[in-house]
Structures are given as C-alpha cells and as structure tokens.
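Here is a friendly walk through one structure, taken a few residues at a time.

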Amino acid sequence: MIAPVLPTYARAPVAFEKGEGPWLFDEAGEQYLDFGAGIAVCALGHAHPKLVAALEGQARRLWHTSNLYGIPGQQELAERLVEASFADTVFFTNSGLEAMECAIKMARKYHSHNGAPERWRIVTFEGAFHGRSLATIAAAGQEKLTAGFGPMPEGFDHVPFGDHDALKAAITGETAAILIEPVQGEGGIRPVPYQCLRGLRELCDEHGILLIHDEIQCGMGRTGRLFAHEWAESGAPDILASAKGIGGGFPLGACLATERAAAGMTGGSHGSTYGGNPLAMAVGNAVIEEMTAPGFMEHVVEMAGLLRQRLAGLADEFPDVIAEVRGEGLMVGLRLQDGVVNSALVQAAFERRLLTVPAGDNVVRILPPLIVEAEHIGQAVDTLTDACKALRDGAAVAAK
Ligand SMILES: *Cc1c(COP(=O)(O)O)cnc(C)c1O
C-alpha cells in the first residue's frame, strides 16, 4: 500500500522538532549539529530571534491579500535587493524553480519584445540543477530527472561543464541566453572559475544574448558576498534566480533582472498568487537586513577560511577517503575516493549527530548556517575525523 505521503524522498530515520542556531533536536531530545542547513536554506540558523519576531509580528497583522493589491513589504525588499546587487527590478516567487521559470520566460520574452522571436533557445551545462518543473528538468537535461516524464519542453542545448569549444559551437542565431550556476550545487559543488564567469559575460555581449545565473544555492551570502558572481567582478548576469537562503527557511524565491532584460515583462505577462506574500516579505526583509549589516559577510569569509583549512587537514589525514576539497565560502564539497560512497560518509556523520548532504560526483556537501562559529566548525571536523576513521577501518562498510 502506498504511503499517505507520496514516497518520492529517501529520508533519514529521524524527525526534528526544535532548532536553535546551528543545532537541531529530534523527538527524543537528541542534539544534532546541522551542517546542511536544510540544503543551504537556513542561512541564519534555526529560530533566529529577528526572523521569529518578524514572522510573528506579521502573522498577527495580515497573511495574504494577493497581488491584486499593493504589498509594501515587496517594495521594501525589492529596493534592498536592487540597492545591493546588479539588478534594477525583482519578481517574487515561493520557490527556486519558480524563480527559474520567471528567468527562462523573461529571457525568451526579451528577444521577442526586441523583434527577434526566433531567439528562444537557452544553452545550459551538464551536471546543472535548476528545479523539478518540466522546464527546469529539461534545462538540466539529466536522465535521472527527465526519465519517464514524456517529451520535454524544447529549447535547451546542453554543453559539457568547462568545455569552451562546445559552448561556442552551441550558440546559434536561435540562442536567447546562457544559463549557469556560478557554483554547481547538486552537481557536486563545482565552482566556475572567475575568469570563465567574465568570459561568459563577454561571450553574451558579443552575441547579443542574455546571461542568466542560477544563484539559488550559491547566492545570499553563501560564498561570503551577497551573490557568488560578485567575486568575479564584471561577471554580472542580466537575470538571476535566487531562493533557498533568501527566506531563511520561509518559502521564498526571487528573479532579479536589469531594466533592459526585463523590458518584455509587461503587465499581465507573468504572475503568482502567493509570490511576495506579506509573511514571506516580512521574513525576507529581516534576512537581508541581517546579511547587509556591517560585519556579516566578513564573518562568513572568516568562518569559510577556517572551515577550508580544517577540511584540508582532514583530507591530508585521510587520503584514502577524501579525494578533493572544493567550493566557495561556506559551500564546500568533499569529493570522495572512488572506493568510498558519499552516502556512507553522510551516514557515518549522521550516526555521530552531524548533518551533511550528499551531492553528485560522489561529493558530501558541507553547508553550515552562515552564523556558524569557530567552535561549531571545530566540532564538525572532529566528528568528520571520527567518521572518516570508521570508513577507513571498514566499520561503515555495511552502510554502503
Ligand atoms: C534548490 C535549487 C533549485 C530549485 O529550488 P526549489 O526551491 O527546490 O524549487 C534550483 N537551482 C538550484 C541551483 C538549486 O540549488
């Protein structure tokens, strides 16, 4: 008999009932150190007092009115995002894939609005992940996402990650945009080198096409800047999809764009019932207020340096287990040796009350909340040391 909850997820055998900062507590009161942060969502940790106050305050006043009426919180959050980024305008959604859908529609509409409706194809990269709607699984193109779901929406041209010649060859007179994650998340924490981000910008300008960044996982402070591409200077996109960390755990996404790229998105061209709802806006405004406060990003950079240094030490100690440490800021991946399965290390850490997240390319993702402190990093790496020891000594072979 099918479970009452559609069984599409592989869940760990635990349910949490309380969180505080980087900590989670299960139903039995057991304490876990959360270095997955709900897959890079709980950027400010759990139950951050300012987010709790913002949500509680709004919950007592007003929940929902729809976008038939003005929503002052949207105005406020959009102004803050515009002020802090390359963008001139923002569309609010409830999730990452909806932000991506808006980005895809906007890029196609831009060209039809400018008299080139034949330019509607989008170049994407192998190993990418952009969400689970038909358009976004078609954009990623991986068999494991698309199998069995019938004909995919057309218009996505996939090129191998890092293959410059294939990329250039994929651009034709029908190309509307290039879509890329500045740091691939689900694909295994694969950063795009800064010079490549700048090169993509130049390539797009040369061909009159738009550059779309999916910063749903790598954006909102994860790398120590509000958006990951800022490290690449002059690598800014025309359109950017954000979600995950932007709501700190409340469902929220956003599609940011320049005035030029958004020109075709006129009245009635796009919409959402819940998108930018007052509850989400109250939390989103509190998140960005924290993230733009003096010292916030410096803290992320400092903690990232410490984490990276400690993980490099771990990799040196266990060369039979860890093949590579990679990533940007507090978005770090441990790529494991071929003989060691990533889920076995995730499981061994879980048994020792540390949460991490598996990813593609045999990677274990380390995504602590951005408010993490040195003592938490120390404890996490100690736990990973124990877990690696167990794997090396074969004690966790059964978990494979
Ligand atoms: C999580 C993620 C998405 C999808 O976001 P949802 O909120 O699950 O729809 C898209 N792109 C990237 C890079 C992501 O990490």
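Let us start with Val321, which sits in the loop between H10 and strand E13 (322-328). The model you are looking at is a predicted one. Is Val321 buried or exposed? Val321 has a relative accessible area of 2%, and because buried means under 20%, it counts as buried.

If you pick out Asp238 as well, you will find that Val321 and Asp238 are separated by 83 residues in sequence. In space, their C-alpha atoms are 41 Å apart.

## The nonpolar core

From here we can turn to the core. The largest nonpolar core contains 65 residues. Phe92, Leu256, Met291, Leu311, Ile322, Leu334 and Ile366 are the residues with the most contacts inside it. Which helix gives the most to this core? That is helix H10 (residues 296-317), with nine residues.

Now compare two pairs by their C-alpha distances. Glu30 is placed in the loop between strand E2 (23-26) and strand E3 (31-34), and is partly exposed, with a relative accessible area of 34%.

Glu351 belongs to helix H11 (residues 342-351). At a relative accessible area of 46%, Glu351 is partly exposed. Counting along the sequence, Glu351 and Tyr32 are 319 residues apart, and their C-alpha atoms are 9.7 Å apart in space.

## Around the ligand

Which residues are around the ligand? They are Ser95, Gly96, Leu97, Phe129, His130, Gly131, Glu181, Asp214, Ile216, Gln217 and Lys244. By type, this shell divides into three nonpolar, five polar and three charged residues.

For Gly96, a backbone N or O atom lies 2.7 Å from an oxygen atom of the ligand. A polar backbone atom of Leu97 is 2.8 Å from a ligand oxygen atom. With Phe129, the ligand atom is a nitrogen, and a backbone N or O atom of Phe129 lies 3.2 Å from it. How much of the ligand does the protein bury? Taken alone, the ligand exposes 380 Å², and the protein buries 82% of that.

Lys244, one of the residues around the ligand, has a positive phi near 40° and is not a glycine. Look for Lys244 in the loop between strand E11 (239-242) and strand E12 (253-257).

Ala40 also has a positive phi, of about 65°, although it is not a glycine. Ala40 lies in helix H1 (residues 37-40). Its relative accessibility is 3%, so Ala40 counts as buried.

## A side chain meeting the backbone

The last stop is Thr258, found in the loop between E12 and helix H9 (278-291). Thr258 has a relative accessible area of 16% and is therefore buried, the limit being under 20%. What does the side chain of Thr258 reach? It reaches the backbone nitrogen of Ala261, at 3.1 Å.

Key:
Residues are numbered from 1 along each chain as its sequence is written. This is a predicted model: local features need pLDDT of at least 70, side-chain atom pairs count only at pLDDT 80 or more; totals for chains, interfaces and linings use all residues. Side-chain values use heavy atoms; hydrogens and water are left out. A residue is near a molecule or strand if one of its heavy atoms lies within 4 Å of it. A polar contact is a pair of N or O atoms within 3.5 Å; within protein, one must be able to donate a hydrogen and the other to accept it, and residues adjacent in sequence count only if both atoms are side-chain atoms. Accessible areas come from the Shrake-Rupley method with a 1.4 Å probe; for residues, only the protein chains shown count as cover. Ala, Val, Leu, Ile, Met, Phe, Trp, Tyr, Cys and Pro count as nonpolar, Asp, Glu, Lys and Arg as charged, and the others, Gly among them, as polar. A nonpolar core is a set of buried Ala, Val, Leu, Ile, Met, Phe, Trp, Tyr and Cys residues joined through side-chain atoms within 4.5 Å. Buried means under 20% relative accessible area, exposed over 50%, partly exposed in between (1.4 Å probe, protein chains only). Helices (H or I, at least four residues) and strands (E, at least two) are DSSP runs, numbered from the N terminus.
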